[in-house]
Amino acid sequence: MADTADTRTPAQIEADIERRRAVLAETLDEIGVRVHPKTIVGDAKARVVSNVDHTLGRAYVRVNGVVSQVKAQFVDEEGAPRLERVVPVAVLVVGVVGLLALGSRRRGR
């Protein structure tokens, strides 16, 4: 059977109790900070900002990819415009703008 007698002096026991009280007080302070409403709100805000940043980053990459694909349809590898594609689109845009202007002009009368 193991000897379970405490061989510490009363001063050593008191020092150990004081050390444990200090550790316990520090732990309680940490818990108090973690459960404080401002800390909880701050953590929630940080998570939301992180999620928004992540979502915006993914959206930026996706939009950038789409823009690159569209640009590739109208510009060749050297950067010169592909007139066979640019001219019909330009004519279509001018036509739509003209029709919209004509329609708003008629409604204005």
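Start with the salt bridges: this predicted model has 7 of them.

Select Asp6, Arg8, Asp16, Arg19 and Arg20. Salt bridges link these residues in a network.

Zoom in on aspartate 6 and arginine 8. Their closest N and O atoms are 2.8 Å apart. Aspartate 6 is partly exposed, at 45% relative accessible area. Arginine 8 is also partly exposed, at 36%.

Next, pick arginine 20 and aspartate 16. They form a salt bridge, with 3.2 Å between the closest N and O atoms. Both sit in helix H1 (residues 10-35), 4 residues apart, about one turn of the helix. Is aspartate 16 buried or exposed? Aspartate 16 is buried, because its relative accessible area of 15% falls under the 20% cut-off. Arginine 20 is exposed, at 54%.

Stay in helix H1 and select glutamate 30 and arginine 34, again 4 residues apart, about one turn of the helix. Their side chains meet in a salt bridge at 3.7 Å, N to O. Glutamate 30 is partly exposed at 40%, and arginine 34 is exposed at 58%.

Now jump to residues 86-103. An unreviewed UniProt entry annotates this span as "transmembrane region". The span is 100% helix, with its end C-alpha atoms 26 Å apart.

Zoom out to the whole chain. It has 3 helices and 0 strands. Its radius of gyration is 36 Å, well over the 13 Å that the globule rule gives for 109 residues, so the chain is more spread out than a compact globule. The C-alpha trace spans about 100 × 45 × 25 Å along its principal axes. Buried residues make up 2% of the 109.

Finally, colour by charge. There are 17 positive and 14 negative side chains, and the centres of the two sets lie 21 Å apart.

Notes. Residues are numbered from 1 along each chain as its sequence is written. This is a predicted model: local features need pLDDT of at least 70, side-chain atom pairs count only at pLDDT 80 or more; totals for chains, interfaces and linings use all residues. Side-chain values use heavy atoms; hydrogens and water are left out. Helices (H or I, at least four residues) and strands (E, at least two) are DSSP runs, numbered from the N terminus. The radius of gyration is taken over C-alpha atoms; the globule rule is 2.2 Å times the number of residues to the power 0.38. Buried means under 20% relative accessible area, exposed over 50%, partly exposed in between (1.4 Å probe, protein chains only). Lys and Arg count as positive and Asp and Glu as negative; His and the chain ends are not counted. The place of a charge is taken as NZ of Lys, CZ of Arg, CG of Asp or CD of Glu. UniProt positions are given in the numbering used here, feature names are shortened, and annotations may be inferred rather than shown by experiment. A salt bridge is a side-chain nitrogen of Lys or Arg within 4 Å of a carboxyl oxygen of Asp or Glu.
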